[in-house]
6 protein chains.
Amino acid sequence: MATVRLWTDEDAQADPRVQAVFADIRATRKSDFLNNFWRALANQPEQLEQTWAALKRVMLTPGELDPLTRELLYIAVSTANNCSYCVHSHTAAARAKGMTPGQHAELTAVIAMASHTNALATALQVPVDDAFEVR
Amino acid sequence: MATVRLWTDEDAQADPRVQAVFADIRATRKSDFLNNFWRALANQPEQLEQTWAALKRVMLTPGELDPLTRELLYIAVSTANNCSYCVHSHTAAARAKGMTPGQHAELTAVIAMASHTNALATALQVPVDDAFEVR
Amino acid sequence: MATVRLWTDEDAQADPRVQAVFADIRATRKSDFLNNFWRALANQPEQLEQTWAALKRVMLTPGELDPLTRELLYIAVSTANNCSYCVHSHTAAARAKGMTPGQHAELTAVIAMASHTNALATALQVPVDDAFEVR
Amino acid sequence: MATVRLWTDEDAQADPRVQAVFADIRATRKSDFLNNFWRALANQPEQLEQTWAALKRVMLTPGELDPLTRELLYIAVSTANNCSYCVHSHTAAARAKGMTPGQHAELTAVIAMASHTNALATALQVPVDDAFEVR
Amino acid sequence: MATVRLWTDEDAQADPRVQAVFADIRATRKSDFLNNFWRALANQPEQLEQTWAALKRVMLTPGELDPLTRELLYIAVSTANNCSYCVHSHTAAARAKGMTPGQHAELTAVIAMASHTNALATALQVPVDDAFEVR
Amino acid sequence: MATVRLWTDEDAQADPRVQAVFADIRATRKSDFLNNFWRALANQPEQLEQTWAALKRVMLTPGELDPLTRELLYIAVSTANNCSYCVHSHTAAARAKGMTPGQHAELTAVIAMASHTNALATALQVPVDDAFEVR
């Protein structure tokens, strides 16, 4: 269904850069499973390298938001952007990081609520209050 | 700039339903400030009542996600939905609930990263892996 | 604020195609007021002609949906697409065609409701029922 | 394909809240068919209850817009929000409420036209005319 | 999977307008293959005629942007609008017009980069610089 | 109007990382003008560094698409994503790189046309033709 070929592990042997990223993804995740997103990106080795490096930095660098919260945010953005692939993959990732059914329910409730008030604020073209502006 | 009139507190005195919601917002938030979103919704008293009731339930009911995490999710959805008003108001709300500059930076990093991979997955039309489907 | 110059009526005198469209808009609407959208499009005379011709055909040709219903649909799409200019101009147009405050309230309620369930269906990636497919 | 399990009628027997909503949907619609959206939402009983209650209120309460017009608006929003499931389900619902092929054609023509001018207004960043602002 | 019937060539024989457009598409493209988009639009003959005429004008009229550049732009918009069908069909069209794997990689890199900075500008609500405004 | 403070050149002196990026932007662009996007990002020095590095790589590395074509694609994506700031800044950037009024007109015509057919394909839920799938 993709607009590009999905690279098998065998295909990856033809390109050391692709092979290296595939290996690092597996090592980082401690899992042999490699999902289609990376197999599709393999057609563009530089994009593959850059995207994986950025994703590791943004999602795995220790910081002020814990890894599960970052996954929940990823699902929220992917839902609002309507990326079917990303909603699937990051919901699975969130579960792997411990998301409970109750957290999933609250997450979707916030997404739905925000979509509701986003639409109202846009339909009524509510002007931003002075108090919300940072100067 | 709105497509409807923004109700002043004086206007609200003409409609007991509007007056009651305005009072409950102020009591719940322990603040006299009432932002334009509610002043615009006042033109549609039923929508005002329903939206405020739903927002209280979704954002304030104790649950498995803490109030600040819910605000961060709200900002994420509002950004992806491109609701200028909502990004402003919920960024202010998140700060009021303790969002640090570091958390804000990590939040925007995740939003940007997700937007980046959402676009790639869509451009390449990556098919969902069987492993991600729930049956 | 535009990314192109807004043509005044005086500017329009320099281009017969622009002048003709401006005149036809005024004649069709029986009003001397000409809104900024057309003044911006005037920089691209062919786009101006084609867009005005298409808009007249789609919005004014007698058919099975009355003119006000078409304006309500225009507002709904413009809101979901988050076009601030279009929400403003078509809300004004709907009022000029008789939209009541009650209809406006119901319109925004449907827009908000749809945005809510759209988000839920996307977050949960609900598969389309066989019964909904046309063959 | 969903990110959550779809509840069968048998599953619903385990949860009285789910069972009650399923029964009310069938009674309200006078049909035994229950579509996947509700079977997915059943994982989150409170969301299921709230969403069904809100949908009944917004779509079925007698008002100034007739039920078919509300369905057409729902399709318009769902299309602009790109919710595949919702476009399918509400197109089926509109047909069940009497939408003719001619009305469907006019609906899609308005959706396409609005998307066209939304894009132009955004590309040219047309400033809102003073005449369109409500004060 | 469509919400309307897809017209076969045999169906088209029943409507001279549909038949004429189908024939013109084939003649213009010098190919017997006719894709589903047109078979779906055939249900709305006027929309079919208008859309094909506009598409020919916009995509095939000699101008200042070459045909391949226009296809790349079409893919960019379709990706951002998240139209799965359109991403597929215009990626195929771009390849037919000579898009190389390297161009495809650069195209997707720009799409991803723009989505990244679009999200940041929206999350931070960056005000437009005076220098960017056209007066 | 931003949700964060815009850093002046004086503010930047307090942070060597910000100062270095500001200097590199000016050197790369051979211009003293520094637009608000970077002044807003300065609040998040790592995001500032990463985004500028990525933008330079994606937009300025010699490749198969010339710099102006990349700017046109950026405008197309920013329009479809409805990023007002980005439409303004990249339209200015495209003009600085030589975009003619004729090219701008053709660009907006393609954006509008794609938005039109994107909406139709979504409204009719047209299934992807087998011929468009890459295997």
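Over all chains, the structure, which is a predicted model, holds 30 aromatic pairs.

**Exercise 1. Classify the ring pair formed by F33(C) and F132(D), and locate both residues.**

Solution. Begin with the distance: the ring centres of F33(C) and F132(D) lie 5.9 Å apart, and the cut-off for a pair is 6.5 Å. Next, take the angle: the two planes stand at 90 degrees, so the pair is edge-to-face. Finally, place the residues. F33(C) belongs to the loop between helix 2 (16-29) and helix 3 (36-41) of chain C. F132(D) lies in the segment after helix 7 (101-124) of chain D, and the pair therefore crosses between chains.

**Exercise 2. State the confidence that the predictor assigns to chain A and to the complex.**

Solution. For chain A, the average pLDDT is 97, and 100% of the residues score at least 70. For the complex, the predictor gives an ipTM of 0.97 and a pTM of 0.97.

**Exercise 3. Describe the interface of chain A and chain B by its area, its polar pairs and its residues.**

Solution. Step one concerns extent. Chain A contributes 67 residues to the contact and chain B contributes 67 residues. About 5,900 Å² is buried between these two chains, with 72% of it on carbon and sulfur atoms.

Step two concerns specific pairs. Two salt bridges are found across the interface of chain A and chain B. R70(B) forms a salt bridge with E106(A), and the closest N and O atoms are 3.4 Å apart.

Step three concerns the elements involved. On the side of chain A that touches chain B, two or more residues come from each of helix 3 (36-41), helix 4 (45-60), helix 5 (67-80), helix 6 (84-96) and helix 7 (101-124) of chain A. Helix 7 of chain A gives the most, with 18 residues. By class, this side of chain A has 40 nonpolar, 22 polar and five charged residues.

**Exercise 4. Determine which parts of chain C are linked by the salt bridge of D9(C) and R26(C).**

Solution. Over all chains, the structure holds 54 salt bridges. In one of them, the side chains of D9(C) and R26(C) meet at 2.9 Å, N to O. D9(C) is in helix 1 (residues 9-12) of chain C, and R26(C) is in helix 2 of chain C. The two residues are 17 residues apart, and the pair links distant parts of the chain.

Terms used. Residues are numbered from 1 along each chain as its sequence is written. Chains are lettered from A and ligands numbered from 1 in the order in which they are written. This is a predicted model: local features need pLDDT of at least 70, side-chain atom pairs count only at pLDDT 80 or more; totals for chains, interfaces and linings use all residues. Side-chain values use heavy atoms; hydrogens and water are left out. pLDDT is the predictor's confidence in each residue, from 0 to 100. Contact means heavy atoms within 4.5 Å. Buried area is the accessible area (1.4 Å probe) that two parts lose on being put together, summed over both. A salt bridge is a side-chain nitrogen of Lys or Arg within 4 Å of a carboxyl oxygen of Asp or Glu. A polar contact is a pair of N or O atoms within 3.5 Å; within protein, one must be able to donate a hydrogen and the other to accept it, and residues adjacent in sequence count only if both atoms are side-chain atoms. Helices (H or I, at least four residues) and strands (E, at least two) are DSSP runs, numbered from the N terminus. Ala, Val, Leu, Ile, Met, Phe, Trp, Tyr, Cys and Pro count as nonpolar, Asp, Glu, Lys and Arg as charged, and the others, Gly among them, as polar. Rings of Phe, Tyr and Trp (its six-membered ring) pair if their centres lie within 6.5 Å; planes under 30 degrees apart count as stacked, over 60 as edge-to-face and the rest as tilted.
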